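Thanks for coming, everyone. Please look at the sequence and the model on the screen, and we will walk through it together.

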Amino acid sequence: MTEGAGPARSDERQGVPELPTTAWAVLGMLSHAEELSGYDLKKWADWSLQFFYWSPSFSQIYAELKRLEKHGYATSRTVVSEDGMRGKRMYAITDSGREAASHWVNHSPVEVPVLKHSVMLRAWLGHLAEPDRMREILTQHIDYAEQMRRRAAADAEGSDANPDWAYPSAVLRWCVRHYEAEREFAQDLLDDLDKLARKRSRRKPAAKQNSEDSH
């Protein structure tokens, strides 16, 4: 799965600075609402971004908010609670921020997704693995994919209620299909490993018999 905050290329001639992709993700989340707090942004990331990009930590979100304010793409204000004891900082996208985010969506180069799949890597090195342990690893991954599928489906269904979330809803349905495929591919690999194990078990008695016949 892809995780990262590497800089995304942008057209300097248009006056759009080079920002980490996570900055554009945070700015994009702000474009969906009038104001959001850092806590709201984290909830949004956990609700949607985690299924296809990643969910940045609170510290990363606040670092990007500070960067966006520096470039004039976001503004913030402190909202004090009714008891006057607590304050909450709320962030909003500016007109220039909306223009910059639109420019990034429309004109930034299409980057090839980087797949870093540790389960695949361990299966690729399956000749070094204990067969039962490899089955456990793949079984756990199948359970994880099914869990993510159910969560993405629930979030997609919830977002359908708000017309403003039409695009996030469509992407969440894509995520549902992605995790369905991931679950099925892992199950196929598990079946393939079972076939390999049966072939090995048949080869061992034959090799033993050949050894005995040579004496």
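Which residues of α2 are buried? They are Gly38, Asp40, Leu41, Lys42, Trp44, Ala45 and Trp47. Buried means under 20% relative accessible area, exposed means over 50%, and partly exposed is in between, with a 1.4 Å probe and protein chains only. Seven of the 10 residues of α2 are buried, so this helix is largely enclosed by the rest of the structure.

Some ground rules. This is a predicted model, where local features need pLDDT of at least 70, side-chain atom pairs count only at pLDDT 80 or more, and totals for chains, interfaces and linings use all residues. Residues are numbered from 1 along each chain as its sequence is written, and side-chain values use heavy atoms, with hydrogens and water left out.

Now the overview. The protein chain has seven helices and five strands. Both are DSSP runs, numbered from the N terminus: helices are H or I with at least four residues, strands are E with at least two. From the N terminus on, the order is β-β-α-β-α-α-β-β-α-α-α-α. Of the 215 residues, 33% count as buried. Take the contacts with a separation of 6 or more: residues 24 or more positions apart account for 58% of them. Contact means heavy atoms within 4.5 Å.

Back to α2, residues 38-47. What does its axis do with the axis of α3, residues 58-70? The two come within 10 Å and cross at roughly 120°. Axes are lines fitted to C-alpha atoms, for helices over the stretch in contact, and angles run from 0 to 180 degrees between N-to-C directions. On the α2 side, the contact is made by Gly38, Tyr39, Leu41 and Lys42. On the α3 side, Phe58, Ile61, Tyr62 and Leu65 make it. These residues divide into six nonpolar, one polar and one charged. Here Ala, Val, Leu, Ile, Met, Phe, Trp, Tyr, Cys and Pro count as nonpolar, Asp, Glu, Lys and Arg as charged, and the others, Gly among them, as polar.

Next, the sheet. Three strands form an open sheet in the order β3-β5-β4, with antiparallel pairing. Two strands pair if DSSP finds at least two bridges between them. The edge strands are β3 and β4, and each pairs on one side only. Strand β3, residues 36-37, joins β5, residues 87-93, over two bridges. There, Leu36 has Tyr91 as its bridge partner. Strand β4, residues 74-80, pairs with β5 over seven bridges. One example: Val79 is partnered by Lys88. The β4 and β5 hairpin has six residues between the strands, and Gly84 takes a positive phi near 75° in this hairpin.

Last, two serines. Ser108 lies in the loop between α4 (95-107) and α5 (118-124). Ser108 is buried, with a relative accessible area of 19%. Its side chain reaches the backbone oxygen of Trp104 at 2.6 Å. Ser169 is in helix α7, residues 166-213. Is Ser169 buried or exposed? Ser169 is buried, with a relative accessible area of 2%. Leaving aside neighbours within four places in sequence, Ser169 is in contact with Ala156, Ser159 and Asp160.

That is the tour. Thank you.

Notes: Polar contact = N/O pair within 3.5 Å; in protein donor to acceptor, adjacent residues only side chain to side chain.
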